[in-house]
Amino acid sequence: MKLSAKKIEKHIKNLKVHSFDFVDSTNTVAKKMATAGEFSNTLVIAECQTAGKGRLGRTFLSEKGGLYFSLLLRPQISPEETLFITTAAAAAVCRAIESVSDKKCEIKWVNDVYISGKKVCGILTEGEFNADGTFNYAVLGVGINLFMPAGGFPADLPLAGAVFDKKFRKNRIKEKVLINFLDIFFSFFENLSEKKFIDEYQKRSLLDGRQISYEKDGRTITATVVKIDKNARLVVKNGEETVFLTTGEVQITEVENLFKDKK
Ligand code: BTN
């Protein structure tokens, strides 16, 4: 059963909620609403997605049991602050998940949430800018694997995991995670430039001290992660050189080490 839009609107002020059984992608729906002139603070939720989108053109498996939503925002922020929408959301997702479980969430820079070495949440922020570089709109899309899909995750997603193995009080838990997420996220978002989330985002970093690789100008570069800095950049050391990464994807070079404690 889909979540009740009314219940969520009752808890979060100034929010318009559209709840669906299924859509192609909540991000696509929210973007269409944005183009049609829908106001900021519009939330699109779906029980499942037939064409869930991940970063870098990937698909995002979106079966029943997950929590999939997109938040349409019209933020008054500078282009440099764009990254903070995703990073604030990642910190809020961690806290929301921990509010219903005793699991510890970690953040794989920049937009993934992990529990015990498995990815339980992905975030995809899409947007459209005005000619002066300000936002026309941003759509923050969040997919949380709250409950294990009926047949488990497919073999080609070896790092995918769920917060809970078994289904119980499914809608109550989904609702609670969503409401807590929105509460926390909006408390960060109202003064995004203050970066109230950054200490927590840094502390939850899964990558500190690990070997990673990333692509630059068509080459694969291997480096060691030093930390996430106060601007949510990933600071890596490549030999003697210190590099500050602001976007893009990094791979952990020895995935099996994800399941071990960090040095
Ligand atoms: C990633 O892991 O690469 C990001 C995944 C983002 C998935 C969410 S689910 C809700 C929203 N709608 C989409 O189509 N994608 C985002």
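Visitor: Which polar side-chain atom lies 2.5 Å from an oxygen atom of the ligand?

Guide: Welcome! That atom belongs to K119. Before we go on, this is a predicted model, where local features need pLDDT of at least 70 and side-chain atom pairs count only at pLDDT 80 or more, while totals for chains, interfaces and linings use all residues. Residues are numbered from 1 along each chain as its sequence is written, and side-chain values use heavy atoms, with hydrogens and water left out.

Visitor: How many residues are around the ligand, and which come nearest?

Guide: A residue is near a molecule if one of its heavy atoms lies within 4 Å of it. The ligand has 19 residues around it, with S25, Q49, K53, R55 and K119 coming nearest. By class, five are nonpolar, ten polar and four charged. For these classes, Ala, Val, Leu, Ile, Met, Phe, Trp, Tyr, Cys and Pro count as nonpolar, Asp, Glu, Lys and Arg as charged, and the others, Gly among them, as polar.

Visitor: Which element gives the most to that shell?

Guide: Helices (H or I, at least four residues) and strands (E, at least two) are DSSP runs, numbered from the N terminus. The element you want is β6, which gives four residues.

Visitor: What separates a pocket from a cavity?

Guide: Picture a 1 Å grid over the protein atoms alone. A cavity is a set of points where a 1.4 Å probe fits but cannot get out, and a pocket is an open set with protein on both sides within 12 Å along at least five of seven lines; lining residues have an atom within 4 Å of a point. Grid points are joined across faces, edges and corners, and a volume is the space filled by probe spheres set on the points.

Visitor: Where does the ligand sit?

Guide: A molecule sits in a cavity or pocket if more than half of its atoms lie within 2 Å of its grid points. The ligand takes up the largest pocket, which holds about 830 Å³ of space. Its lining has 39 residues, and R58, F60, D112, K119 and L157 lie nearest the centre.

Visitor: What is the volume of the second largest pocket, and what lines it?

Guide: Its volume is about 430 Å³. There are 20 lining residues, with R55, T82, L83, T86 and T247 nearest the centre. β6 supplies the largest share, six residues.

Visitor: How many cavities are there?

Guide: The search finds two cavities of 30 Å³ or more in the whole structure. The largest has a volume of about 40 Å³, and its lining includes L61, Y68 and F153.

Notes
Polar contact = N/O pair within 3.5 Å; in protein donor to acceptor, adjacent residues only side chain to side chain.
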